[in-house]
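Open the model in your viewer and keep the sequence beside it. This tour tells you what to select at each stop and what is there.

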Amino acid sequence: MVKRYNEIMSEVVENMRKLDSCSKHRFTIDLHPDRKIGKRWRCENCGGEVDHSAVIWYEKGLEHGSNSFTDEQLQIIKTLYEYFILSRKLQPDDYSYGDVQAMKEVVQKHFPKEVFNYLEDEDTATE
């Protein structure tokens, strides 16, 4: 029997909620161990499910990111994101000059000079 549209959308929304709430995924549960193609994986921490391609790119991002920031810096990034974006429900076009300046001050204080210079370069590129 084909699931109704609302049921499918409800499952998708719930899966995204799980994935978005997870602090660090561990895609260790193979939902299709008998398959070589079309695999899906479940995160043992949040229960969210993704396809094999998503797992590969997630792990590649972890690999690349692990060389970039300290745990303290990652926490600061998360806090900035939660405060400036999530809690205020801002979209990129909604950022005020004050928001950008406040974010830059935090980054300048806690991150290597290269990160701040990158933000400065991005800022001048959009002017």
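Start by selecting E49. E49 is partly exposed, with a relative accessible area of 24%.

A word on what you are looking at. This is a predicted model: local features need pLDDT of at least 70, side-chain atom pairs count only at pLDDT 80 or more, and totals for chains, interfaces and linings use all residues. Residues are numbered from 1 along each chain as its sequence is written, and side-chain values use heavy atoms, with hydrogens and water left out.

**Stop 1: the charged network**

Together with E49 they are linked in a network of salt bridges. (A salt bridge is a side-chain nitrogen of Lys or Arg within 4 Å of a carboxyl oxygen of Asp or Glu.) Between E49 and R42 the N to O distance is 2.7 Å. Between E49 and R40 the closest N and O atoms are 4.0 Å apart. Check the surface at both arginines. R40 is partly exposed at 30% relative accessible area, and R42 is partly exposed at 29%.

**Stop 2: the whole fold**

Zoom out and switch to cartoon view. The protein has five helices and three strands. Along the sequence the pattern is α-β-β-β-α-α-α-α. (Helices, H or I with at least four residues, and strands, E with at least two, are DSSP runs numbered from the N terminus.) Of the 127 residues, 20% count as buried. Among contacts with a separation of 6 or more, 30% are between residues 24 or more positions apart. (Contact means heavy atoms within 4.5 Å.)

**Stop 3: the sheet**

Select 27-30, 40-43 and 49-51. The stretch 40-43 is β2, while β1 (27-30) and β3 (49-51) are the edge strands, each pairing on one side only. The three form an open sheet in the order β1-β2-β3, with antiparallel pairing. (Two strands pair if DSSP finds at least two bridges between them.) The twist averages 45 degrees from one strand to the next. (Axes are lines fitted to C-alpha atoms, for helices over the stretch in contact, and angles run from 0 to 180 degrees between N-to-C directions.)

Now go pair by pair. β1 and β2 are joined over three bridges. Follow F27 across to its bridge partner C43, then I29 to R42. β2 and β3 also pair over three bridges. Here R40 has D51 as its bridge partner. Next, step into the hairpin of β2 and β3, which has five residues between the strands. Pick G47: this residue takes a positive phi near 85 degrees.

**Stop 4**

Which of them are buried?

**Stop 5: a ring pair**

Select F27 and Y58. The count comes to one aromatic pair, and this is the pair: edge-to-face, 5.7 Å centre to centre, with 90 degrees between the planes. (Rings of Phe, Tyr and Trp, the last by its six-membered ring, pair if their centres lie within 6.5 Å; planes under 30 degrees apart count as stacked, over 60 as edge-to-face and the rest as tilted.) F27 lies in β1 and Y58 in helix α2 (residues 52-65), so the pair ties together parts that are 31 residues apart in sequence. F27 counts as buried at 10% relative accessibility. Y58 is partly exposed at 25%.

**Stop 6**

The structure holds six salt bridges. For another one, select E44 and R26: their closest N and O atoms are 3.2 Å apart. E44 is in the loop between β2 and β3, and R26 is in the loop between α1 (5-21) and β1, 18 residues away. Both ends are partly exposed, E44 at 40% and R26 at 45%.

**Last stop: confidence**

Colour by pLDDT, the predictor's confidence in each residue, from 0 to 100. The mean is 75, and 57% of the residues reach 70 or more. Among the elements, β2 has the highest mean pLDDT (95) and helix α5 (residues 113-125) the lowest (52). Where pLDDT is low, the predicted coordinates should not be read in detail.

Definitions and conventions. Buried < 20%, exposed > 50% of the residue type's maximum accessible area, 1.4 Å probe, protein only.
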